Amino acid sequence: MKIVICGAGPVGALAALYAAKKGHTVELYEMRADVRADDKEAAQQLGKSINITMSDRGFEALKDSGDEQLVQEILNHTVPVQAREVHERTALGTEKATKVPYSIDGRVLRVVSREFLRNILLDRIFNLPNVKVFFGRKLIHADLDNKKAVFADASIEDTYGGSNFERVSFDLLIGADGAHSAVRHHLARYRNINIDQRWLDNCWCEFQIAQADDGRPKINLDTLHVWPNNDIMFLALPNPDGTFTCNLFAPAETFKMLRSNQTAIADFFERNFPGILPNLMTTEELIKQFHSTKTSILHEMRVTPINYKDSCVLIGDAAHTMVPFYGQGLNTGLEDVRVLFRAFLSQAPTKELSGKQISILDSYSEYRQPDVSVMTSLALKNYNEMRLSQRSTLKYMRRKLEETLQARLPSAGWATLYFRVAFSTERFTMIEHKNNQQTKILKWLLGVSTASLCGLAASVALKF
Ligand SMILES: Cc1cc2nc3c(=O)[nH]c(=O)nc-3n(C[C@H](O)[C@H](O)[C@H](O)COP(=O)(O)OP(=O)(O)OC[C@H]3O[C@@H](n4cnc5c(N)ncnc54)[C@H](O)[C@@H]3O)c2cc1C
Ligand SMILES: *[C@@H]1O[C@H](CO)[C@@H](O)[C@H](O)[C@H]1NC(C)=O
């Protein structure tokens, strides 16, 4: 097949690697100029986070590409984190940090630079004879019946006025062009697509924490630091050099208020996030960084179906956008590639099912989108878990109880929701199902223990 992939983000680049390893002829088109030269500023302009956490799902997809050394090379450039470290102020006004391990058996998430991940994937495909990569080419039209896409020179301001068009034919067009996908836009002219998009009242921006004067990290390097405070939250992810890349999450109104006044951000941090000023950042640094970074808004999007016959399909953020609170957006996008290529594209293009012709991509869309939709909901729910204080919640108690069950009764297959999402490759719909079952059992157990406590109290009362 000739596979044309639109978008050289990490998901598009991995898809190109999979397709090339399968022996297809691959062309990868990217709107931006050679993205490998991308710097921090460029990423910020695009409203992209610089660093992200990867978990088993993402690594499994990289491993399955058939490139043996790829995972090891990536692992060498990551920072493992084994717990969420929650920083709070106690009722007495003292500062307190609580570690919440991601699993009872010491599994870790890995912090990786998004650019690094994309670049290493691009380097891999540059070395393959059956892949061509085109930078500065923007998809502006797609004829999905005649299987032709039109790319324009993205460096020309008025693309429609110029004559720098290129018509490209394909057998399969893969849209990996991110949350504002052009492929998705054209796909929607060929069939009725349901797009459910929600803009959240939640914005974010990025900060950096430098090393201490002696070059050492100022806080633990093996945890992901969280300062929760109701509807606002500050996150710090460790870097290999002992610096931290941080995100502030807050409602749009809060950002507006903070931006309107030069020093408001300092008071805001003093009040809400204990221990940051002046230990981790000086007031001057904080103010300077805040007023030179861009505010981005979070949104989530569910799309279904995500294909047109067997000629076009969406993957990654083009097919699903979720809030970052479970750290699964990219992991899910990379998993799309694995599922698409390993479970679907390896079959014959169309198959007969009870006398009806079913396209492979129809089956993929029907199989994958319910899973992705579950993850999108979980990501939003996790926001509530992260930004509220850890110990006071029932959820925390449930998690402790479940971890005990997982450790003591491994054969019962008990695992926390978090464990299944981050440290397995089970389908998200299956995870939801199992979690609902566990909830029922826990409620029942709780009922039984309450009943037996009442019984005990009654028998004690009778004796005395
Ligand atoms: C604050 C924040 C934190 C996050 N943290 C995590 C995390 O910890 N873990 C995690 O797994 N995920 C995380 N995510 C999500 C993750 O960033 C995305 O899921 C991921 O970047 C999606 O990759 P992609 O390749 O699908 O799309 P993108 O990275 O958006 O790439 C799309 C590419 O397509 C190109 N393109 C666009 N339009 C066209 C066109 N018309 N023609 C040609 N090319 C085009 C773009 O230039 C771009 O290079 C986070 C997101 C945010 C906002
Ligand atoms: C995160 O991004 C910063 C800035 O680009 C970089 O210096 C750092 O090494 C990255 N962290 C990881 C874990 O790759």
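This is a predicted model: local features need pLDDT of at least 70, side-chain atom pairs count only at pLDDT 80 or more; totals for chains, interfaces and linings use all residues.
Where does Ser-365 sit? I found Ser-365 in helix H11, which covers residues 360-387. Leaving aside neighbours within four places in sequence, I listed the contacts of Ser-365 as Pro-305, Ile-306, Asn-307 and Pro-370.

Next I turned to ligand 1, which is surrounded by 30 residues, and I noted that the closest are Glu-30, Thr-53, Arg-114, Asp-317 and Leu-330. Helix H1 (10-21), strand S2 (25-30), strand S3 (51-54), strand S9 (137-143) and helix H10 (329-344) each contribute at least two residues to the shell.

I then looked up polar atoms beside the oxygen atoms of ligand 1. A polar side-chain atom of Glu-30 is 2.6 Å from an oxygen atom of the ligand, while for an N or O atom in the side chain of Asp-317 I recorded 2.7 Å to a ligand oxygen. At Pro-10 the polar atom belongs to the backbone, and the distance to an oxygen atom of ligand 1 is 3.5 Å. Ligand 1 has 1000 Å² of accessible area on its own, and I noted that the protein covers 91% of this area.

For ligand 2, I wrote down a shell that includes Ile-50, Asn-51, His-77, Ser-113, Asn-239 and Thr-245. This shell divides into six nonpolar residues, five polar ones and no charged ones, and strand S7 (residues 109-113) gives the most to it, with three residues.

Which side chains come up to a nitrogen atom of ligand 2 with a polar atom? I found Asn-51 at 2.4 Å and Asn-239 at 2.7 Å. Taken alone, ligand 2 exposes 360 Å², of which the protein buries 74%.

My last entry concerns the nonpolar cores. The largest has 68 residues, and within it Leu-62 and Phe-341 touch the most other members; helix H1 gives the most to this core, with nine residues. Not counting residues up to four places away in sequence, Phe-341 touches Ile-3, Ala-15, Tyr-18, Ala-19, Ile-174 and Ser-346. Apart from this core I found another, of 32 residues, including Leu-109, Leu-200, Leu-224 and Met-322.

Notes. Residues are numbered from 1 along each chain as its sequence is written. Chains are lettered from A and ligands numbered from 1 in the order in which they are written. Side-chain values use heavy atoms; hydrogens and water are left out. A residue is near a molecule or strand if one of its heavy atoms lies within 4 Å of it. A polar contact is a pair of N or O atoms within 3.5 Å; within protein, one must be able to donate a hydrogen and the other to accept it, and residues adjacent in sequence count only if both atoms are side-chain atoms. Accessible areas come from the Shrake-Rupley method with a 1.4 Å probe; for residues, only the protein chains shown count as cover. Helices (H or I, at least four residues) and strands (E, at least two) are DSSP runs, numbered from the N terminus. Contact means heavy atoms within 4.5 Å. A nonpolar core is a set of buried Ala, Val, Leu, Ile, Met, Phe, Trp, Tyr and Cys residues joined through side-chain atoms within 4.5 Å. Buried means under 20% relative accessible area, exposed over 50%, partly exposed in between (1.4 Å probe, protein chains only). Ala, Val, Leu, Ile, Met, Phe, Trp, Tyr, Cys and Pro count as nonpolar, Asp, Glu, Lys and Arg as charged, and the others, Gly among them, as polar.
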